[in-house]
Every structure is written in structure tokens, then in C-alpha cells.
Amino acid sequence: MHCLEVNVAKMDVVMVGGGMITHDQLLPSIYQLQRTGQLGDIKICALNGAPLKALAESDAINAAFPSSSFQPFPDYEKAGVDKKFPDLYKEVIASLAPRQLVVVAVPDQMHYQALQVALGHDQHILCVKPLVLEYEQAVEIEKEAYDKGLFIGVEYHKRLDDRSLITRNRWQNGEFGEFRFGWAHLIEPWYYRDSNFQNWCTCENTDMFTYIGCHYVDLVAFITGLKPASVSVYGIVDKYPNGNDGYLWTDGRVIWENGAVLTVFNAIGYPNEAPGGNSQGMVLYGQNGLERSTIVNHSDQYRGVKHSLAGGKKIYHEPNPDFMQYVPWSGDGLRPVGYGYRSVEFIVQEALRVEAAGDDLAARQALLKEIDAKGLVATPKNSNYNELVVEAGRKSILDGGREVLIDYGENAGGKFREY
């Protein structure tokens, strides 16, 4: 899926966050959009120099993009890799000309502050999911962005998986009937526990349902057009290697406005030795009146590819060719393909399309309304049910899994069900 062609000067980019998602998806996508002429200079900020050095020296990225580079903040060659600069990203964002692009790729609980800084300096934004952890923050962000004519795309990349778009189209054409029952899971690999996750994905900050289960809640809403009505999340507390506690196993249940139910299992628990990169998938049952039932079955970790390798981490591997891979192309190095790349490309092109209206605020706002109404890319306005679910889920998991009802409208929010 591609946007309409736009005629606008390319945008410079500041990326805030240099962790795993930046390495695996965001930077390769940004590099590719830079070398196809849609993006300009790239600056990346991190808390310290260690992740920036790792990005700059990545064998995979350098093989794919031998002529590409970014400007690191802090400069790890001068400042070293350990010294922390928690506010440096604010200075780097402030150095951008107005209406460029800020990519927010920091831990969940830090999104809101980074978004405020970017909007305060009149920047378009790509933000990893979830946008923020509180509904009122999402509404605040949406209003400020609209008032300034700035585009914000929330990077729910599963929307750009062709199987999701095909299912959405057929569901909204009535071919699956009414959603009744389903379950989804995404279990991340065990080695995540040894990563920086152990420093931020902790009980007081977030949990696995909030971090990764939100993908499938968003996807079911995207496909069916339904809104979540209540949420309950039970979490099992487990230890990281550094001794921190995290809700590393979660079981979420979402009741939808039509009475349907979706169960979502998430964890950092997929065996390192197992063949796939993780375990994930979704099954949805529908009902066509009294005539028949319908089913959607997406087994997302088995994509029909099996490799037996001569070396590396896994001798036998079942890679996912659909999310993010490098392939040969006509230019130097390799190019990224898959819905991970398409999602970033789509958001960047929508930002460019809005910016093509130039200084005409009314025209930019009209385009923002059009994007919101189309509903293909998640925005603060058209997907704020996600923030209601996240807020309700956090309330539930911290109270042992009690059900939280979601209210919409002027006083939108969540409250415990009373018995």
C-alpha cells in the first residue's frame, strides 16, 4: 500500500531512542526513505552513547546501507558510551527547523514527554505504539497537533500486514458477519530479559499486555470497526537477571461493544532455542446471523519459510519474511522489505502529504481530518480507544486482574465494575 505521490522538500529527521526497534525496523526504514529522496539528514538521540555506537557499528545495517550514516547525540567518540544525557534530545529537537519529522522510540512511559517536546517545536511525529499510557494525554496531544496542523502517526505496523488489510476489507464488506469470539498471542523471546527491557519494562512502568498486546487490540478494532468496552488483565510477576520485577506473563481479556470477547496472551517467554523469532498469531470467530459461523486464522510466526543454516544463533530457523527483511535491489547494499518497512513508509508519506500544503494551516487541518476518517494509519484521534484500553489494563493488572469498564464520550475513562 502506498500513498499518493507528493511534491514537497524532503524532511530532516530526529530519532529519539536507539534501542532494539530502532535497530531492527526504524533506522533501516528511515535510511531507505533517505536514499529514495524522501528524507534528509538523520540525527539519533539516546540516553548514552552505547546504543548509538551499536547502531553505527551494526554489521546488518552497514551491509544494507554502506553509504548511509547518522549524527549521534551524544557523540560517543567524544563523550564515551556510559555518561548519561537525559535532556539532550530536547536540544536536538529544538535544533530542527519547524515541520520536520521526529521519531519517538523510547520506553512506553517516556512517550508523553517526548511528544510534548516535539509538538512544542512544531514537528510532525512518528511514534511507536502505544502512543501514551493515559487517555487524557492522547486527547491533549491530538488537539495540540491539530491546532498546529501537525501529523502524528502511531506505528501499529500489524495494520500494514497484507493479511490484515485483506481481512479488514472483507470484514467491512460483511463477509465475516459479526465478531463473537477470539484469541491472540505474542510471546517474545526469552533473551529479551537480558536486554534493556529489564531496566524499563518493570511493574511500576508497564507490562507485556501494554507493551505488545496493544498490537492485537488495535488490530481487532481496525479489522472489525468495534470499540473495546471492558478490560481485565492478570499478570504474573517474574524476575529479570538484574533483580527487577516485571509483569512478564500477562493474560488480558477484552469485551467489545457488541458483547464479543478477545483473549490476549503475552510474555517474554519464547525459548531462545525455538526456530522462530517469537510466537504470535490470532484467531477470530464471526457469526452470520443464524446461518453459519466464520473464522479468521492468522498463524503469524509460521510464514512458510524454513532454513537450515551453517552457523549463527540457530542452526534451524523459521524466519518471518513478511515483517522486516533485507533483499537485493538495483542500488547499493540491500533494501528493507515487509510490512515493518511499509508502515514507516506510509506514515512518512502521510506526513509529507500534509506538509505539502505548506503554510496553509486550514489545508493541513483538512488533510488531517481526511487521514483520521480514512482510518488506515493510527492517529491520536482515530485510535484513542487504545489509550483507554492501556489505561484500563494498567488499572486492572495493578489490582490483581479486576475488570475495568470503559466509558466513551465527554468523560471517557475506566472504572472498576461493581458487583
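Visitor: W171 and F179: buried or exposed?
Guide: Both W171 and F179 are buried. Buried means under 20% relative accessible area, exposed over 50%, partly exposed in between, with a 1.4 Å probe and protein chains only. This is a predicted model: local features need pLDDT of at least 70, side-chain atom pairs count only at pLDDT 80 or more, and totals for chains, interfaces and linings use all residues. Residues are numbered from 1 along each chain as its sequence is written, and side-chain values use heavy atoms, with hydrogens and water left out.

Visitor: How are the rings of W171 and F179 arranged?
Guide: Their centres are 6.2 Å apart and their planes at 70 degrees, so the pair is edge-to-face. Rings of Phe, Tyr and Trp (its six-membered ring) pair if their centres lie within 6.5 Å; planes under 30 degrees apart count as stacked, over 60 as edge-to-face and the rest as tilted.

Visitor: And F197 with Y211, what's the geometry?
Guide: F197 and Y211 are edge-to-face, 5.2 Å centre to centre, with 90 degrees between the planes. F197 lies in helix 9 (residues 197–200) and Y211 in helix 10, so the pair ties together parts that are 14 residues apart in sequence. Helices (H or I, at least four residues) and strands (E, at least two) are DSSP runs, numbered from the N terminus. F197 and Y211 are both buried.

Visitor: Which residues are in the cluster linked by ring pairs?
Guide: Y191, Y192, F197, W200 and Y211.

Visitor: New topic. Which residues have the most contacts inside the largest nonpolar core?
Guide: M15, F179 and W256, in a core of 88 residues. Such a core is a set of buried Ala, Val, Leu, Ile, Met, Phe, Trp, Tyr and Cys residues joined through side-chain atoms within 4.5 Å. Helix 10 (residues 208–224) gives the largest share, 11 residues.

Visitor: What is M15 in contact with?
Guide: Leaving aside neighbours within four places in sequence, the partners of M15 include L26, I30, I42 and V103. Contact means heavy atoms within 4.5 Å.

Visitor: Now the sheet. What's the strand order?
Guide: The order is 3-2-1-4-5-6, in an open sheet of 6 strands with parallel pairing. Two strands pair if DSSP finds at least two bridges between them. The edges are strand 3 (71–73) and strand 6 (152–155).

Visitor: How many bridges join strand 1 and strand 2?
Guide: Strand 1 (residues 11–16) and strand 2 (residues 39–45) pair over 5 bridges. V14 stands opposite K43 in strand 2.
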